Amino acid sequence: MPARTTQIAESADGAGGGAVGRAASATRAARVGRALRGLGASCHPLPAAAVTLFAAVLAVAAGHGPPGVVLLAAAVAAGQLSVGWCNDRADLGRDLATGRRDKPLVAGTVSAAAVARAAGTALLLCVPLSLASGPLAGAVHLAGVAAAWGYNLRLKGTAVSWAPYALAFGLLPAFVTLGLPGAPWPPPWLMAAAALLGAGAHFANVLPDIEDDLATGVVGLPQRLGARRSAALAGLLVLGSTAALVAGPPGRVTAYGWALLGATATALLLACRRPAGRLPFLTVMAVAGADVVLLVAELRP
């Protein structure tokens, strides 16, 4: 073959090989991007972000400096991510049985092994990040994270399904204050308010999935009570949380406190009239946001 012809052929082969390589790289990048989106969706991003933001705001109000706020928020974020990924991995069999195509694992967006690795990695990171706030504060936060994992792996289908939520939420203010100099515990009414809010969130969050849960053998307390009674109980618990925040601190109840209490009662009453949808849970989230204002005021040094 003439030299000129050989050079042309080699150039064509090189161009073809480069195109194939670029196509393979693009395919790998698309696959990685798809998996990352799946991981992001399967970590329960909205609750994880809300709890992390809530903890960071409380830390600022309680008097933590910027480094302390960053470490505390990172610990809470790692714990929440681990819990969210653990939840989706633990629910995979039930989600497949009920055809939950909105779940990334069911849709095949991300693999079960990747979600399990992500949950384990986040949990391992949560340990040193939590202990960076102090041994007692770290132990308290890790106890709350352990309770949430216990819910995912065992307690979700029992009559005490509400307890991990109450414990994890109730301990969150303690994690914030125990990391301060002197390691002070928060007032009991504050921990009680957080625990009631957590338990209420559990009942409200389960409402849309009660039928699917029963079909796959998940019989936690909300499933045993049914949608209407669970919605009513969620409303009472969240209202009790707001009442504790309003009446717990010493001194006179502020106008904001009375207004929040009335608005909470009205909103929950309206939301619980439609227990089958997401409205009760979204209402609880909105009430929690309003409660943050009171919590910040009470924790401010």
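Visitor: Is Asp91 buried or exposed?

Guide: Asp91 counts as buried, at 6% relative accessibility. Buried means under 20% relative accessible area, exposed over 50%, and partly exposed in between, with a 1.4 Å probe and protein chains only. Before going on: this is a predicted model, where local features need pLDDT of at least 70, side-chain atom pairs count only at pLDDT 80 or more, and totals for chains, interfaces and linings use all residues. Residues are numbered from 1 along each chain as its sequence is written, and side-chain values use heavy atoms, with hydrogens and water left out.

Visitor: Which residue forms a salt bridge with Asp91 and also has an N atom 2.4 Å from an O atom?

Guide: That is Arg94, with 2.4 Å between the closest N and O atoms. A salt bridge here is a side-chain nitrogen of Lys or Arg within 4 Å of a carboxyl oxygen of Asp or Glu. Arg94 is partly exposed, at 25% relative accessible area.

Visitor: And what is the N to O distance between Asp91 and Lys156?

Guide: The side chains of Asp91 and Lys156 meet in a salt bridge at 2.7 Å. Asp91 lies in the loop between helix H3 (66-90) and helix H4 (92-98), and Lys156 in the loop between helix H7 (135-153) and helix H8 (162-178), so the pair ties together parts that are 65 residues apart in sequence. Helices are DSSP runs of H or I, at least four residues, numbered from the N terminus. Lys156 is buried, with a relative accessible area of 13%.

Visitor: How many salt bridges in the whole structure?

Guide: The search finds 6. One of them pairs Arg100 with Asp102, at 2.8 Å between the closest N and O atoms. Arg100 counts as buried at 17%, while Asp102 is exposed at 55%.

Visitor: Switching topic. How many disulfides?

Guide: The search finds 0, taking a disulfide as a pair of cysteine sulfur atoms within 2.5 Å. Cys86 is buried at 5% relative accessible area, and Cys126 is buried at 0%.

Visitor: Last one, helices. At what angle do H9 and H12 cross?

Guide: The axes of H9 (residues 188-206) and H12 (residues 227-247) cross at roughly 160° and come within 8 Å. Axes are lines fitted to C-alpha atoms over the stretch in contact, with angles from 0 to 180 degrees between N-to-C directions. H9 is therefore roughly antiparallel to H12, a term for angles over 145 degrees. Residues in the contact (heavy atoms within 4.5 Å) include Trp189 and Phe203 of H9 and Leu233 and Val238 of H12.

Key: Helix = DSSP H or I, 4+ residues; strand = E, 2+ residues; numbered from the N terminus. Parallel < 35°, antiparallel > 145°, perpendicular 65-115°, else oblique.
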